Amino acid sequence: MPMQTPLGPTRSLGGEPPEVAAKASEPSSATEPETEEAVAADLTARQEQVVALVEQQGYATIEVLAETFGVSAQTVRRDIIRLDSLGLLQRFHGGVGSARQSLRLGYEKKRDLQVEAKLRIATRAAAVIEEGSALFLDVGTTLEATARLLAARPGFTVFTNSTNVAALFGAQHHRVHVLGGELAGADGSLVGVETVEALRSFRMDYALIGCSAVEEVGVVMDNDLRKVAVKQAAMRSARTSLLLADRSKFGRSARVRIADLDDFDQVVCG
């Protein structure tokens, strides 16, 4: 069914993702390190309350903080810049998150999060893929869930930079191309110039892409520049691109832009 975003129409499977609304950009700032005593002395009562609120909720937008504390958005931005520079919170486009939660979850722990949503996404995404297709499968636990379902249907030509995904497909039933590159962490991903160059040589029917976040303005984000380069190359080589993202990814931010929502032919939500 069509999904209208500020960036244009995109097909969505699994219902509409959270509403996408434009947010103001934030200025950059640099502050010299301070001692713990100076930090404690310099924080205003409002800034202390901002830290407490964000630590409790995990994330808050500039608009919510401005309304909560009865101040302007610009005042909130200044507070956020200050708190980010002190390492008390982590600044994102349009809001601020907990510094503790900025540490990325271990991969095994990620497998235990949003399990039912990932299965719904996997089921919906797998239903889109036509028999005998050539497809790229990205790294990530949602893509692994999708791969398990697709592996039960023989005849696919699979391209992937995920050693975990590749291991789910039997060579007797599928043609599996593991794209070369440098191993990049516990998720079994392969990245680098070799991976991107290999994708340029292939043409695929589908690219199934994962992400870390989808900002309110409709920008799809991830945290690793090397993995983003692979995702973008796969999208360029595919006839149809699908974004697989559970609802917890929406309204969040990350470090690197993958694409806009309307660059995807379908968005599969859970």
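What pLDDT does the chain average, and what share of the residues score at least 70? I started there, since this is a predicted model. The chain averages a pLDDT of 83, and 80% of the residues score at least 70.

Then I checked helix α2. It covers residues 45–57, so to speak 13 residues in my notes. From first C-alpha to last, α2 reaches 18 Å, close to the 18 Å expected at 1.5 Å a residue. I looked for its buried residues and found Gln47, Val50, Val51, Leu53 and Val54. Glycine 58 follows α2, and its phi is positive, near 95°.

On to the cores. Which members of the largest nonpolar core touch the most other members? I got Phe136, Leu199, Val220 and Leu243, out of 28 residues in that core. Several elements each supply at least two residues of this core, including β6 (134–137), α9 (193–200) and β14 (238–245). The largest share, five residues, comes from α10.

I zoomed in on leucine 199. Leaving out residues up to four places away in sequence, leucine 199 touches Phe136, Leu179, Met204, Val230, Ala233, Ala234 and Ser237.

Last entry: I found a second, separate core of 21 residues. Among its members are Ile121, Ala125, Val165 and Tyr206.

Definitions and conventions: Residues numbered from 1 in each chain as written. Predicted model: local features only at pLDDT ≥ 70, side-chain atom pairs only at ≥ 80, totals over all residues. Heavy atoms only, no water. pLDDT = per-residue confidence, 0-100. Helix = DSSP H or I, 4+ residues; strand = E, 2+ residues; numbered from the N terminus. Expected span 1.5 Å × (residues − 1). Buried < 20%, exposed > 50% of the residue type's maximum accessible area, 1.4 Å probe, protein only. Core = buried A, V, L, I, M, F, W, Y, C linked by side-chain atoms within 4.5 Å. Contact = heavy atoms within 4.5 Å.
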